[in-house]
Every structure is written in structure tokens, then in C-alpha cells.
Amino acid sequence: IAIAATMNWNTVIAETPAGGHRQGNPEAKVKLIEFVSYSCPHCAEYAKQSEAGLRIVYVTPGTLSVEVRPVIRNPVDLAATMLAQCGPKEKFFLNHAAFLHSQDDWMAKWARMGPATKQRWTSGIFASRMKAIAQDLGFYTIMSRRGYTQTQAEKCLADEAGARQLAQTSADGAEKAGITGTPGFLLNGTLLEEVHTWADLQPAIKDALDE
């Protein structure tokens with residue numbers, strides 16, 4: 001008896017009207033939306049703890065879809081978000097992971113920055129501010145490992161109109177969802193109160209699948 005090939009839903013990626021990226025079966029029984037800030041240490045910790053289990057156990061077989069929406073709290077979040085979303089949508093989730101998995105390194109650089117350096121991030125023309133952040137925090141190196149040239153990365157960072165829309169969409173979406181901290185989660189449209197870790201989220205996913 002021939003066994004049909006199993007669909008790997010991790011390969012199905014779509015941009016969403018809310019400014020996010022969804023991975024998985026769009027008709028999945030459980031739909032998870034993650035609200036993430038790249039400069040949030042809890043978000044990096046959640047990403048590391050959840051990644052394998054979430055995608056292998058739940059996304060791959062099509063029982064759960066996961067959508068990542070950015071929460072932009074500062075100029076560094078904006079630069080990281082613009083780079084994570086740079087290029088084809090299929091690259092997003094590995095770009096996203098690259099920034100969160102290397103967060104300890106670039107946050108340490110940020111902590112060592114003096115006032116004069118940070119001033120470059122908030123004054124002058126938009127493209128120059130974003131490029132300064134990327135240069136100072138090593139974002140071009142992260143993008144290079146993902147197959148992007150510095151020119152390609154800078155083109156994404158220079159899109160001021162796109163950045164304004166991204167920031168507005170992000171703020172509107174988080175407010176509408178009732179997000180007060182990151183990471184924050186909606187499960188089948190319902191805000192999970194006081195759930196900010198994989199240890200707390202996993203039982204909620206199991207319960208939703210069992211319903």
C-alpha cells in the first residue's frame with residue numbers, strides 16, 4: 001500500500017493584513033498569534049524554548065498556524081522589524097529567529113553605547129538613523145548570514161513610508177488585541193491573560209486542540 005506524502009505546513013507562509021506573517025495551515029483548528037518585540041528579552045527566551053516543539057509538534061501536521069506580529073517599542077525594534085521583513089515572505093521566519101537568537105549579542109552592544117552614539121539613532125534623516133542602528137548593533141552581519149548584501153538590507157531600512165505604516169499597524173493591532181506585555185498571545189482570537197512563556201502557552205494550546 002502506497003503511503004501518501006505528508007504535507008509539511010511549515011513551508012506555507014503568508015503575509016497578513018495586520019502586518020504579520022503566518023506560518024502553517026490557514027484552516028488549522030488552532031490559530032496562534034504572537035505579539036513580539038525584538039528588544040524584549042522574554043520574547044527571545046520564548047522563541048528559543050518554543051521553536052522546535054511548536055513547529056514540529058503543532059505546525060508541521062497542520063493542526064496549528066502561528067502568526068507573528070511585531071510590537072515596536074523603540075527605534076531598534078523598528079530597524080530589526082524592517083530587516084526581519086526584508087525580502088520574500090518565505091524568508092521571514094528564519095530572519096525573525098536570527099534576530100531573536102542573537103539578541104544577547106546585540107543587546108550587549110546596545111548597553112555599551114554612549115549617549116552620542118544613540119543620538120545618531122534619533123536625529124537626522126530616517127534612512128541614516130536606521131542605518132546607524134544596523135551598523136552599531138551588527139544587524140548587517142545578521143543579514144549577511146541570511147544571504148542579504150548590505151545594499152539589500154539598506155534598501156529595506158530606507159523605506160520611511162513603509163516604516164510609518166508598519167509602526168501604525170503594529171500599534172493599532174496590539175491595542176485592539178489588548179496586548180500589555182510581550183510576548184503576548186491570541187489563541188483562536190482570545191487574549192491569553194498573564195501568559196508570556198512557552199511553559200504557560202503549551203497547556204493552553206493542548207486544551208484548544210482537545211476541545
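**Figure 1. Strand β3 (residues 30-36) and strand β5 (residues 184-187) pair in the antiparallel sense over 4 bridges.** The model shown is predicted: local features need pLDDT of at least 70, side-chain atom pairs count only at pLDDT 80 or more, and totals for chains, interfaces and linings use all residues. Residues are numbered from 1 along each chain as its sequence is written, and side-chain values use heavy atoms, with hydrogens and water left out. Strands (E, at least two residues) and helices (H or I, at least four) are DSSP runs numbered from the N terminus; two strands pair if DSSP finds at least two bridges between them. Opposite G184 in β5 stands F35.

**Figure 2. Strand β5 is covered on both faces.** G184 and L186 lie on one side, F185 and L187 on the other, and all are buried (under 20% relative accessible area, with a 1.4 Å probe and protein chains only). In a regular strand, side chains alternate between the two faces of the sheet.

**Figure 3. A hairpin is formed by β5 and β6, with 2 residues between them.** Strand β6 (residues 190-191) pairs with β5 in the antiparallel sense over 2 bridges. The bridge partner of L187 is T190 in β6. In the turn, N188 has a positive phi of about 50°.

**Figure 4. Helix α1 (residues 41-59) crosses helix α10 (residues 198-210) at roughly 20°, and their axes come within 10 Å.** That angle makes α1 roughly parallel to α10, a term for angles under 35 degrees. Axes are lines fitted to C-alpha atoms, for helices over the stretch in contact, and angles run from 0 to 180 degrees between N-to-C directions. The crossing is right-handed: the near helix is turned clockwise from the far one by less than a right angle. Y46, Q49, S50, G53, L54 and Y58 of α1 meet W198, L201, Q202, I205, K206 and L209 of α10, where contact means heavy atoms within 4.5 Å. The residues of this contact divide into 7 nonpolar, 4 polar and 1 charged. Ala, Val, Leu, Ile, Met, Phe, Trp, Tyr, Cys and Pro count as nonpolar, Asp, Glu, Lys and Arg as charged, and the others, Gly among them, as polar.

**Figure 5. Helix α2 (residues 75-84) packs against helix α8 (residues 150-157) at an angle of about 120°, with their axes 9 Å apart.** A79, M82 and L83 in α2 meet A153, C156 and L157 in α8. The residues of the contact of α2 with α8 comprise 6 nonpolar, no polar and no charged.

Notes: Parallel < 35°, antiparallel > 145°, perpendicular 65-115°, else oblique. Buried < 20%, exposed > 50% of the residue type's maximum accessible area, 1.4 Å probe, protein only.
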